[in-house]
Amino acid sequence: MSTNEKELVARSRLVDESGLKEQLIRIFTQWEVLLGIIFILMVLFFTGRTPYFLDWFNLMNASFQFSEKAIMALPMVFIIMCGDIDISVASIIALCGFLMGMVADAGGSTVQIIVVGLATGTVAGLINGLLITGFRMPAIAVTLATQAIYRGIAKAIMTEHAFTRYPEGFGYFGQGYIPGTVIPFQLVLYLVLALIMGFILHRTMFGWNLYAIGNSQEAARFSGINVQKARVINYMLMGFFTGIASILLLSRILSARSNIATGYDMEVITLVVLGGVSINGGKGNMGGVVIAAFLVGYLKFGMGLLKLSSTVMSIVTGGLLIVAVLLPRLLDVYKQNRKLRMQQKSMVSATHGHEVEHGKGE
Amino acid sequence: MNRKNFKETVNSTFSSLLKRREASLVILLLVFLVPVLIQSPNFLSLENLARIFNDMSILAIVAIGQFLVILSGGIDLSVGSVIAFTGMSAGMVNEAAPAVPVPMLLMISAAIGLLMGMFNGVLVAWGKIPPIITTLGTMSLYRGLTFVLSGGTWVTAHEMTPSYIGFPRIQFLGISVLVWVAIMVVIIMYAFIRYTRTGRAFYAIGGNPVAAKFVGVNEAKTRFIVFIISGLLAGLAGGLWTARYASAVNEMATGFEMQTVASCVLGGVAFSGGAGGVPGVVLGALFLTMLNNALPVIYLSPFWQTLVEGLVILIALVINTVVDQRKTARLLAQRRVKK
Amino acid sequence: QGAKQTTREKYDIVILVKSMGNGFFDATHTGAKEAAAELGNVEISYLGPTQATAEGQIEIIESLIAQRVDGIAISANDADALIPVTKKAMAAGIKVISFDSGINAGGRIVDLVPSKEELIGRQQIQLASELAGGTGDIAILSATAQATNQNAWIRWMHEEVKNHPGLKIVETVYGDDAPDKSYRETNALLNKYPNLKVIIAPTTVGVLASAQAVKDAGKSGIVQVTGLGLPSEMKGSILDGTVKQMALWNPIDLGYTSTFILEALISGKNTGAVGDVFKAGRMGDVTVEANNVAVMGTPYVFNKDNIEQYAAIF
Amino acid sequence: MSQVILEVRHLMKFFPGIKALDDVHMDVRAGEIHALIGENGAGKSTLVKILTGVYTPTSGSVILEGKEMKFSNALDAQQAGIVAIHQEASMFPELSVTENIYMGHHLYSPHSRRLDWKAMHKETRKLLDSLQLDIAPDTLVKNLGIAQRHMVEIAKALSLDAKVVIMDEPTSALTSREVEDLYRIVRKLKEEGKSIIFISHKFEEIFEICDTYTVLRDGRYIGSGYLKDTDRDSIIRMMIGRSVDQMFPKKELVVGKPLLEVKELCQTGNFTNVSFTLHEGEILGFFGLVGAGRSEVMRAIFGIDPCSSGSIMMDGEIFSPSSPGVAMARGIALVPEDRQKQGLILAMSISRNIALPCLASLSRHGVVNRKKAAAYAEKYGSQMEIRAAGWHVDADTLSGGNQQKVVLSKWIGTQPRILIMDEPTKGIDVATKAAVHEFVSEMASQGMGVILVSSELPEVLGMSDRIVVMHEGEVTAVLDRADAGSENVMAAAIGEVQEAVR
Ligand SMILES: Nc1ncnc2c1ncn2[C@@H]1O[C@H](COP(=O)(O)OP(=O)(O)OP(=O)(O)O)[C@@H](O)[C@H]1O
Ligand SMILES: Nc1ncnc2c1ncn2[C@@H]1O[C@H](COP(=O)(O)OP(=O)(O)OP(=O)(O)O)[C@@H](O)[C@H]1O
Ligand SMILES: [Mg+2]
Ligand SMILES: [Mg+2]
């Protein structure tokens, strides 16, 4: 064992030898750091271009635009972490919106509306989860179908109508501020939820198990983890959080239609991926996703301030996604090649030594 | 001895027919046709069939490209945007240079699609970015570029040449050119994946990328080719789309990627990669098109269309999965008994 | 807010449309620019989401609030969903009006409608009645199911059809302002209703696509297509006879008038109260009616004889 | 003496941070069977991957028939005449046997540029026949058993008409009968003048069929020679730098009271009427041919798959393992047979892997105590002497043997009362194997009930207190240590029913 240990030390030294430069590269190839840098650059850019960007009130207000999607991104992290995906979330919003709108229209109280929203979301998520785990069907195919089904229900029953009557005070969730401040209620809610979900992912058994499941469902099962239960819970959480998002959205626009929130699913997935969660599961963290939510949110807001057209925005977000995923990968390749080159260099002398020995042996 | 052999052959031929993934889809399609035909006996009239084939052609072309990507273990979410960009390009070229002959026009749009697929392919194959992320990015990128290209304007029928608009409508042997193009694509792609090494490589990298490497399949190159083909077919479809609908607008084919994915799902293509076939995908596209065509016929309000479509996809999915699992389980049990 | 006055000597007015890349709205932009040139103290921005959603418009309005523009004219994707955010904008001192596709009262100061909804709806049926010779089946191909303006017109079409005992509206379908969907929906209509006489498509994309579908089905002249369409886009179909006549107001005038109204509101010349009269340049006077709605006039009818002339303009 | 056909000179292969191969030499002659020997992680598989063009070497040369080779991919190597049966599963489950054999080098029909499926099926039929395999060429590989899959891999290697055939642990998934078949094939290849590089951790088979050997240690060349000139002990010394004294350190123990009683357990299609009893402090060996259904029985006891009938009792109480969690709560642990797929979370750190099944006891109210978890992992990991660059490295960078050690650590940590080990020494080197055996004895002496499923007869005979033999899903014999010999155990394994002792 002692020789082994020496060998180990030697090997590990080989890795760390290069000092500061290597360390800097390591830090800067970390996803969150990279995102953080992009974020700061973005803030600097917009601050230079428009006086309205670095304005406390504006920055707070801009969060209305992304809180809902950011909230949905939280449980989406869990789902993608497990190697699953959910492309039905926008449709779940439509379904929740429809039922909440109907309850409101029938004179339901705020509490009743909220309960309906959360319950509908959770049930819709549960159905996704049960279909996926029960029949062992791929998540993307199942949620492709439920994407049509959930919105389809809202469409079939609401037809072209909208529900626009809501009780007094319902608008607070999506439009209100924490009393006495300019901080939107939504933003605070998001940060609280992000803390909770981050804690669950990184500090609890459930969260640790998700990493295992994402890497190998079978091995996780053989380790005593109830994989299917965890996945169903994920989908229920997704549904529940989508319920929250739908309450916020409905409260913000006070109008439930069947085509509400179109395209949200892809935006939510983009946030998660941009946040550094591996689409194949098993890798990533919550911090990155939170940064990504702010990054994309303020990027759009800043471009809006510059009156850039939505076209430019879609090019920028699409490009950003690709660049942000490509960049660390290229840096990684560079890093590995450097390491190999250095190893090679350090081995040249040693190899020559060996050769001599062998010459003798043969 | 001989007789036994013969019987075995017949049995195995028959059961291998039943075993095909497409079988359950065909059955589902028949089940679905019953109420439609009761409601409207001439649903399967030649005239209506021609309409259905016309409607499914573009879907089938793009769905086959999508199929190859899914087969190799990926997904292409950018096809809708590629159609928009190439369709817009074709329309604008036609408007600016009416002298350019139609086949040339289609080649231009296919070539542009190929380039866009190439971009996806480079990112996936050598950038090692997972396909779903790459194409999620290029989906909005290409859509944005479409707006830039067109400056936000439309190209409408009277700005295009009659020969271009007329092209997909030309009848040949009672079938429109649009359908002929689709038939050709189907045949070529079927032969391509069945009778070429490259085609088999798609199955290899989708089924087991590590093993593929062991037998010398170049994974990066194969992935690249897959995206090129998907782009090429989407580009071709873009050129046809503009002609068929006689207009090129910036939002064209929004959400079309989901239709192509749905065709593959219906056609029994495995999302894990490495399994599925062209016939299934074509059937899937046919089913989806028939569904859309049949709903008005059975007097279902258009508001119900999304719901019914979703339900059918779900049912097909469940049937596909359950049949497949049963089959595997039965084979395993049989094997053990035989031993 | 004080800083604003010093940095900007021109009023910052935004034309916010349903979605980018729509010829109709591009024409309103042209009109707005024309008005800006006449007024001299106005700067126009032209914005819209990539897809016609209320959420997309809300996002844009939020950023407009943040930069304290002076006025916004909106063609709304949803009559209600925009109200909270436009209220917020108005509370921040921004003058908000809607045009073309309105926001419900409370969410804007004035709603500028190209023509009375009732007029438009009734006119569509009258056009159809002429084309059908007074009897036959009519189908409607609308834009999205949520479109405020289209839905209002369709309600009036159903009213008007009661005055034409020979006519019957058999179905309303939605092409979502997408050419391919509109085309297929038309096909389905042709297939389902063999006795169909007229298709009314009160949206440019719809009327274009259904004209093409009718042509392709070889039913030009058997099934008539009419509706509301931009002359420049419809020229082809009108000249070849698939669409004998259709109507529209001038979107240039719409953008032009909107700009004048906003300028008057911002500078305090007008308040937008009921009975208020806006001076709108070459368009003359526009009066605010009940519900703070300002009306421009009857849609103009286009046919073979006048299409060339207007196609060159919008 | 025949001429050297394949030479390896000064071969180096670096992975970031790891020297997998460091100046390796090897000479393989025509018509010989050359054993490549080394501990887990010595670099054998890496060498194979370089020889077959899967990896490119950092430096050094591969010389085939006097010509220096530069393979850019596996196809190049195949065409040059080097083929391999790799250690990892390398099949395409959704494709047919024919296609698995011909993937990468499909046959074209002579006159056109399309693939000739008829010819390929025909050739496949021939190959399968020559291997006496009764499989239809169009069977999908996912419907084949492990052993059959292996035979198909062999058929694939044969189809290429290679000069050098490399077999990386080909026997680790086979049992006696298939191994005999394999020997037959290997010898036949040898007679045809082909060279075979044979990698194995089983000395019996190395000495039985190989002629020459090369030993690697830590990626370095240690020595080579003729097997007839050497013996097991000296090879072991070359491999690990010391000798291994005792292979089966079985402790004689008093067997305690019954712990686990399985009665008439059935699972449709997999096994029927399996009954046995496991006592405290007992090592119960399970022997059988591949496909005998041992793994299925173990999976059922651990709650992975449901049973159709029968009963399981623990401590005299009926116990129904509805999920692994339930089984674990009762003190059952399973070291599964496929460590890569079932045993480990490959992309997770060693320490997290070890802590995984025990997270519940390492957390309060579901919140993990991270310090405790790290300490825990280190404790059990160092007990098994895992060799790695650190506890934080991912399990997939470890060699097979070290991976197995991680799996073992992971399960000792749960302090089970019943430890089920399914092929725990499959593919691991002698030193580790001895360590595992040592460990098994130690566990049993502490009163744990151990079930040792193994396809290696000496291991089962050497380690077990009693041996359960299975054949085609049924128990054909239960033998006491004293009564068990290789003949009667083998006889039971191939289906000759013996009187059950207990
Ligand atoms: N792709 C890789 N990346 C990094 N390290 C690797 C890689 N493949 C192998 N290694 C390392 O190279 C060394 C040699 O591994 P190799 O698989 O060749 O061992 P082996 O002799 O085949 O062992 P075993 O008998 O367990 O199969 C090990 O330390 C292993 O961790
Ligand atoms: N027909 C089959 N199809 C697919 N996999 C099979 C089949 N038969 C056996 N297997 C797999 O092969 C492996 C060995 O088979 P099984 O578990 O039945 O036998 P065993 O007696 O436990 O053999 P081993 O010695 O490998 O443990 C298992 O992983 C099993 O899942
Ligand atoms: Mg190995
Ligand atoms: Mg087994």
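A salt bridge is taken here as a side-chain nitrogen of Lys or Arg within 4 Å of a carboxyl oxygen of Asp or Glu. The model is predicted, so local features need pLDDT of at least 70 and side-chain atom pairs count only at pLDDT 80 or more, while totals for chains, interfaces and linings use all residues. Residues are numbered from 1 along each chain as its sequence is written, chains are lettered from A and ligands numbered from 1 in the order in which they are written, and side-chain values use heavy atoms, with hydrogens and water left out.

Among the 5 pairs of chains that touch, chains A and D have the most contacts, a contact being heavy atoms within 4.5 Å. Here 47 residues of chain D meet 35 residues of chain A. The buried area is about 3900 Å², with 63% given by carbon and sulfur atoms; this is the accessible area (1.4 Å probe) that two parts lose on being put together, summed over both. Polar contacts link 7 residue pairs across this interface, both residues at pLDDT 80 or more. A polar contact is a pair of N or O atoms within 3.5 Å; within protein, one must be able to donate a hydrogen and the other to accept it, and residues adjacent in sequence count only if both atoms are side-chain atoms. Elements of chain D that give two or more residues to this side include β1 (4-15), β2 (18-29), α13 (370-383) and α14, and the largest share, 5 residues, comes from β2(D). Helices (H or I, at least four residues) and strands (E, at least two) are DSSP runs, numbered from the N terminus. The side of chain D that touches chain A has 27 nonpolar, 8 polar and 12 charged residues. Ala, Val, Leu, Ile, Met, Phe, Trp, Tyr, Cys and Pro count as nonpolar, Asp, Glu, Lys and Arg as charged, and the others, Gly among them, as polar.

Between chain A and chain B, the contact involves 36 residues of chain A and 39 residues of chain B. About 3200 Å² is buried between them, 84% of it from carbon and sulfur atoms. The count is 0 salt bridges and 5 residue pairs in polar contact, both at pLDDT 80 or more. On the side of chain A, α7(A) gives the most, with 12 residues; by class this side has 24 nonpolar, 8 polar and 4 charged residues. Chain C and chain D share no contact, and their closest C-alpha atoms lie 38 Å apart.

Chain D contains an open sheet of 6 strands in the order β16-β19-β20-β13-β21-β22, with mixed pairing; two strands pair if DSSP finds at least two bridges between them. Because β16 (332-335) and β22 (474-480) of chain D each have a single partner strand, one side of each is left without a neighbour in the sheet. Within the sheet, β13 (residues 283-288) and β21 (residues 466-471) of chain D run parallel and are joined by 5 bridges, with D:Gly285 opposite D:Ile467. Helix α17 (residues 486-493) of chain D touches β13, β21 and β22 of chain D, its direction making about 30° with that of β21(D). Axes are lines fitted to C-alpha atoms, for helices over the stretch in contact, and angles run from 0 to 180 degrees between N-to-C directions.
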